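The following note sets out some points for a colleague who is examining this model. Please read it alongside the sequence and the coordinates.

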Amino acid sequence: MDPFMEHDCTFEEGRTPSGNFGNLNVYEIPESEVPGVCVTLHRDCGLPIKTITAMDTGAAVHRFRILYVFGVPRQNRFIVLSADTRDNGTFPSITPSIHEASVYERKIMTFFGLRPEHHPHPRRTVLHENWPENLFPLRRDVPWNTRPGNASVPYRFNEVEGEGIYEIPVGPVHAGIIEPGHFRFSAGGEEIIMLEPRLGYTHKGTEKLFEVPAAGDEIGEKVRLSERVSGDTSYSHSLAFCQAVESLADLELPGRAAYLRVIYSELERLANHIGDIGALMTDAGFGFGGSSGSRLREVVMQWNNRLTSSRFLRGVNTPGGVTRDMTPGLEASFLKFLGDLRLDFSEVIEVAEGRSSLLNRLRGTGVLDRQIAQDHGVVGVAAKASGIRSDARVDYPYAAYGRLNPEIATEQDGDVYARFTIRVKEVYSSIDLISRALRDMPGGDIQHGKAIKLKKNYYAAGITEGWRGNIVYFVATDQNGKISRVDICDPSFLNWTVLGYAARGNVVPDFPLINKSFNLSYSGNDL
Amino acid sequence: MEGSGHIVLSILAGILQIVMLPLMAPLVTGIIRKIKALLQNREGASVLQPYRDIGKLFRKDEVINPDASWVFRFTPYLLFSTTVVAGISVPLITTIRIFGFTGDFLTLVYTLALGVFFLALAGMDTGSSFGGFGSSREMTVAALSEGGIVFSILTLAIAARTTNLSSIAAAVELLPLPSLIPVILAFSGFLIAMLAETGRFPFDNPATHLELTMIHEAMILEYSGRKLALIEWASSIRLVLFISLGVNLFFPWGLASSVTFPLLAVSTVLYLFKVLLFCFLIAGIETGMAKLRFFRLPDLLFTSFILSAIAIGLMV
């Protein structure tokens with residue numbers, strides 16, 4: 001059943017879009033109508049918010065536009081609301097009625113200096129104390145290559161008071177080789193009363209860098225930049241960006257390239273999921289499972305390297321196709337490898353499922369309530385483990401997914417074990433998808449070959465299902481056909497908001513396990 | 001001639017008794033790691049790696065938190081010396097008491113507890129939050145495991161009617177077959193408590209990098225250089241000390257009952273073999289099961305206590 005059709009949605013009746021940009025229907029509305037229309041689209045029509053972002057559209061004076069991008073599942077179409085901000089730099093917050101909008105609005109506030117009016121908790125995100133208060137990096141007049149002066153903007157952690165409550169500050173430097181992030185626990189004994197993650201340590205100004213004109217192969221440079229937004233998701237990030245560029249330049253994707261993209265996407269998912277399954281077992285102290293996970297992940301990474309000369313599948317995506325083909329000689333041994341991997345992996349999982357001590361650690365730990373997940377717009381593995389069935393491969397079919405029709409796994413319990421199980425199921429379905437893609441793949445070109453010329457004053461969205469969840473790129477061009485704004489929404493950006501809820505009530509020593517079961521990206525969040 | 005030979009052998013046995021545990025301890029740690037690696041389809045580091053690690057730490061500079069008091073500076077030396085002194089009491093290859101003043105098991109348990117007590121103080125001394133909760137957890141576990149250790153050895157002490165470890169070993173060797181049931185029960189209790197005492201699975205993970213899950217490692221997180229080397233060394237001595245107690249009190253067969261060269265040689269080989277078997281046991285447990293949740297640890301330690309209590313009941 002199509003979820004969109006279940007709802008009584010009359011928004012588009014009697015309205016004509018102010019502009020149609022490929023699969024984007026843009027409606028310009030006055031800012032005062034925004035909260036009402038958003039509630040209609042989100043609640044009455046059941047359309048998920050894919051991103052909310054802003055653009056600096058003025059040349060000499062600042063003029064800002066806020067864009068609300070709603071996805072229409074199964075139709076591979078997006079409804080975009082576009083509203084200009086008031087002259088005093090404020091815009092109406094929709095957070096009081098749609099909670100998941102909160103992080104987007106805070107991001108707009110931080111990077112554009114626009115104030116969301118009636119936002120219940122408006123505070124800066126990502127940027128740290130030493131970033132000046134009145135410098136908003138995504139504004140046009142802020143140069144990308146100058147270092148801001150020193151500043152000291154206070155940051156206050158939420159505090160819990162009570163007898164015996166103490167705080168544990170952890171990070172940003174950790175004992176393992178992982179990304180930096182600070183976690184502030186308020187604990188009563190060993191029980192976590194509250195957890196506040198503080199991120200932003202890997203902020204690199206990625207979105208600003210996308211706006212900087214590059215010499216030479218401009219689009220190629222930006223594809224490479226997108227591969228580095230979150231290193232472990234290089235392929236899905238660059239794929240989302242390439243898809244946006246393809247609709248900006250009207251590029252058709254050759255049939256063979258569509259299937260190859262499925263194969264590479266699923267290889268990325270395989271490597272990461274297997275690595276995570278192993279890491280979860282390591283963190284629970286089950287050494288055999290942990291070392292098996294790293295061993296199998298390494299085998300997949302080595303195949304990535306054999307197929308594309310890159311362990312992280314970098315340099316493979318290009319607008320209008322892929323750069324690496326599957327040769328018939330490799331295909332046979334690749335298929336054999338998939339069979340071996342499936343067998344090997346199923347044996348490891350069989351051992352793991354038979355260990356009551358391991359299952360006891362995973363079950364009931366770090367439960368993410370379904371309602372909380374829905375209210376925060378959680379995506380990907382975490383959403384599926386809490387019973388929310390959303391997956392860009394089915395909802396916005398890209399590459400050859402529409403033809404392969406992948407099966408989407410869901411679990412109901414929302415605990416660490418559910419997220420573990422979602423990954424196990426997705427490993428099997430990825431192996432299956434790759435095998436089917438290899439079987440169905442037509443011959444022919446793998447690249448479009450046409451020169452890339454972007455349309456002027458245009459919008460485009462690219463969406464993929466990375467191994468963590470939905471990756472959304474929203475790209476706009478200016479009157480010269482140059483990229484003027486790229487908004488990136490990594491799944492971690494939304495999922496970080498619920499980590500504190502999942503950890504609450506658990507004991508402090510279980511937090512690393514809960515954190516690993518989400519395994520969110522710091523780089524993808526901090527941008 | 002025979003008399004002087006006896007004296008030479010006695011002195012030799014005495015020296016062995018003092019240096020054997022400290023010298024072989026890192027090797028035992030290395031062997032357990034190697035077996036674990038092999039069981040997990042990994043190559044693993046050489047069994048000599050713990051020696052290299054300790055050697056490396058001795059040569060390194062140390063950083064001491066300026067807020068640290070004398071407790072922090074003093075603890076590694078105290079911990080190391082109490083562990084070595086406690087080790088002298090454990091019957092390793094013979095049931096003959098070599099030093100007159102050693103060998104009472106209560107003294108042994110509480111000499112070790114003194115080191116742990118100071119380690120817990122040192123953990124809190126620097127004021128880091130990790131040290132604080134490391135100490136709090138260590139004390140939670142130690143308070144419960146102490147009973148397990150004392151009661152399991154008490155089973156044997158009641159059977160032997162002495163609290164001297166060497167005499168216990170000699171007496172257990174002569175116990176009739178039916179008495180072995182309580183001995184096995186007490187050993188199960190001892191095994192659980194000793195895994196807790198030495199910071200092994202399923203209580204603590206000596207190999208983890210996750211600060212928040214640590215118990216022992218969290219306490220010593222602030223140590224570096226020479227002091228860390230002493231603590232690491234003391235930890236491995238502590239492990240082999242408990243292993244030796246386990247194999248020689250509960251399974252004392254083969255311990256030399258007099259100081260003669262052939263008996264000592266046989267008992268040394270047998271002892272090393274028993275320790276190796278124990279290493280396999282620990283590595284098997286650490287590979288085959290996950291770590292327990294922190295709040296389930298008291299249940300397991302209570303089980304250890306009950307097992308020993310039943311054993312005592314059977315013995316009396």
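**Notes on the predicted model**

1. Helix α6(A) is mostly covered, with 16 of its 16 residues buried. The model is a predicted one, and this applies to every point below.

2. The length of α6 (residues 234–249) of chain A agrees with expectation, because at 1.5 Å a residue its 16 residues should span 22 Å and its end C-alpha atoms are 22 Å apart. Just after α6(A), Asp250(A) adopts a positive phi of about 55°.

3. Two further helices of chain A, α7 (residues 255–283) and α15 (residues 416–440), pack with their axes 9 Å apart and at an angle of about 155°. Angles over 145 degrees count as roughly antiparallel, and α7(A) is therefore roughly antiparallel to α15(A). The crossing of α7(A) past α15(A) is left-handed.

4. On the α7(A) side, the residues that meet α15(A) include Val262(A), Ile263(A), Glu266(A), Leu270(A), His273(A) and Ile277(A). Their counterparts in α15(A) include Phe420(A), Arg423(A), Val427(A), Ser430(A), Leu433(A) and Ala437(A). By class, the residues of this contact between α7(A) and α15(A) comprise 15 nonpolar, two polar and six charged.

5. How many residues of chain B are in contact with chain A? There are 24, and they are in contact with 25 residues of chain A. Within chain B, the helices α1 (2–39), α5 (129–160) and α10 (261–288) each contribute at least two residues to the side that touches chain A. That side of chain B consists of eleven nonpolar, seven polar and six charged residues.

Note on methods
Residues are numbered from 1 along each chain as its sequence is written. Chains are lettered from A and ligands numbered from 1 in the order in which they are written. This is a predicted model: local features need pLDDT of at least 70, side-chain atom pairs count only at pLDDT 80 or more; totals for chains, interfaces and linings use all residues. Helices (H or I, at least four residues) and strands (E, at least two) are DSSP runs, numbered from the N terminus. The expected span of a helix is 1.5 Å times one less than its number of residues. A residue is buried if 20 or more other C-beta atoms lie within 10 Å of its own, exposed if 12 or fewer, and partly exposed in between; C-beta atoms are placed from the backbone. Two residues are in contact if their C-beta atoms, placed from the backbone, lie within 7 Å. Ala, Val, Leu, Ile, Met, Phe, Trp, Tyr, Cys and Pro count as nonpolar, Asp, Glu, Lys and Arg as charged, and the others, Gly among them, as polar. Axes are lines fitted to C-alpha atoms, for helices over the stretch in contact, and angles run from 0 to 180 degrees between N-to-C directions. Angles under 35 degrees count as roughly parallel, over 145 as roughly antiparallel, 65 to 115 as roughly perpendicular and the rest as oblique. A crossing is left-handed if the near helix is turned anticlockwise from the far one by less than a right angle, and right-handed if clockwise.
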